[in-house]
Amino acid sequence: MTELRTPRLVLRRWHDSDLEPWAALNADPEVREHLGDLLTREQSDACVARFQADFDRRGYGWWAVEVQATGAFIGFAGLDEVDDDMPFTGVEIGWRLARSAWGQGYATEAALTVLAHGFDNLELPEILAVTTATNLRSQAVMRRIGMTRDPADDFDDLTEPQGPLRPNVLYRIARSARS
């Protein structure tokens with residue numbers, strides 16, 4: 001598995017020591033505001049097991065993100081195949097960071113490195129990003145990394161009940177559009 005580095009971050013394979021802070025991140029109502037229900041420790045651990053299996057199977061997925069200077073685990077960033085129940089197909093970029101890591105540019109820094117890996121190493125023709133219409137922080141990261149949104153691509157996530165998690169926006173960036 002490829003390890004990715006930025007000036008401040010390491011995107012790497014998951015360690016057993018990541019499980020506890022990952023579970024705490026997924027039990028934080030502010031972190032989960034645009035994602036749905038809080039996750040139990042067992043659900044969080046199962047996510048990591050799936051992340052590892054996906055990496056082993058296809059060579060990319062969700063990297064654990066740590067701060068180089070301290071070795072602190074702060075969340076995840078990476079690429080994943082779009083879920084089958086979505087109204088489009090492709091590979092999506094994403095990130096989820098602990099609140100203590102918000103507002104420091106880490107999501108943008110990690111996402112730019114993931115984009116470069118997706119285009120330069122995996123030779124993906126396009127990368128997508130999806131979030132709820134109300135998740136303005138993630139949409140700002142999407143714009144900062146060069147992604148654009150066509151409101152005609154917005155959709156309702158029918159796997160979610162009526163409410164704020166159902167309306168979603170879709171951002172895109174093509175390999176040919178990179179600056």
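Which residues are buried in helix H1 (residues 19–26)? In this predicted model, the buried residues of H1 are Leu-19, Trp-22, Ala-23, Leu-25 and Asn-26. When the helix is seen down its axis, these buried residues fall within an arc of 160 degrees, so they line one face of H1. The cover over the buried residues of H1 includes helix H2 (41–58), together with strand E4 (73–81) and strand E5 (91–97).

The largest nonpolar core has 33 residues, and the members that touch the most others are Leu-11, Ile-93 and Trp-95. At least two residues of this core come from each of strand E2 (9–12), strand E3 (62–67), E4, E5, helix H3 (106–120), strand E6 (126–132), helix H4 (136–144) and strand E9 (167–174), and H3 gives the most, with seven residues. Leaving aside neighbours within four places in sequence, Trp-95 is in contact with Trp-62, Phe-76, Ala-77, Ala-107, Ala-111, Ser-138, Val-141, Met-142 and Ile-145. A second, separate core holds 14 residues, among them Cys-47, Trp-62, Phe-73 and Phe-76.

Strand E6 also contains Thr-131, which counts as buried because its relative accessibility is 7%, and the threshold for this class is under 20%. The side chain of Thr-131 makes a polar contact with the side chain of Asn-135, at 3.0 Å. Apart from neighbours within four places in sequence, the residues in contact with Thr-131 are Ser-138, Gln-139, Met-142, Pro-167, Asn-168 and Val-169.

Notes: Residues numbered from 1 in each chain as written. Predicted model: local features only at pLDDT ≥ 70, side-chain atom pairs only at ≥ 80, totals over all residues. Heavy atoms only, no water. Buried < 20%, exposed > 50% of the residue type's maximum accessible area, 1.4 Å probe, protein only. Helix = DSSP H or I, 4+ residues; strand = E, 2+ residues; numbered from the N terminus. Arc of directions from axis to C-beta. Contact = heavy atoms within 4.5 Å. Core = buried A, V, L, I, M, F, W, Y, C linked by side-chain atoms within 4.5 Å. Polar contact = N/O pair within 3.5 Å; in protein donor to acceptor, adjacent residues only side chain to side chain.
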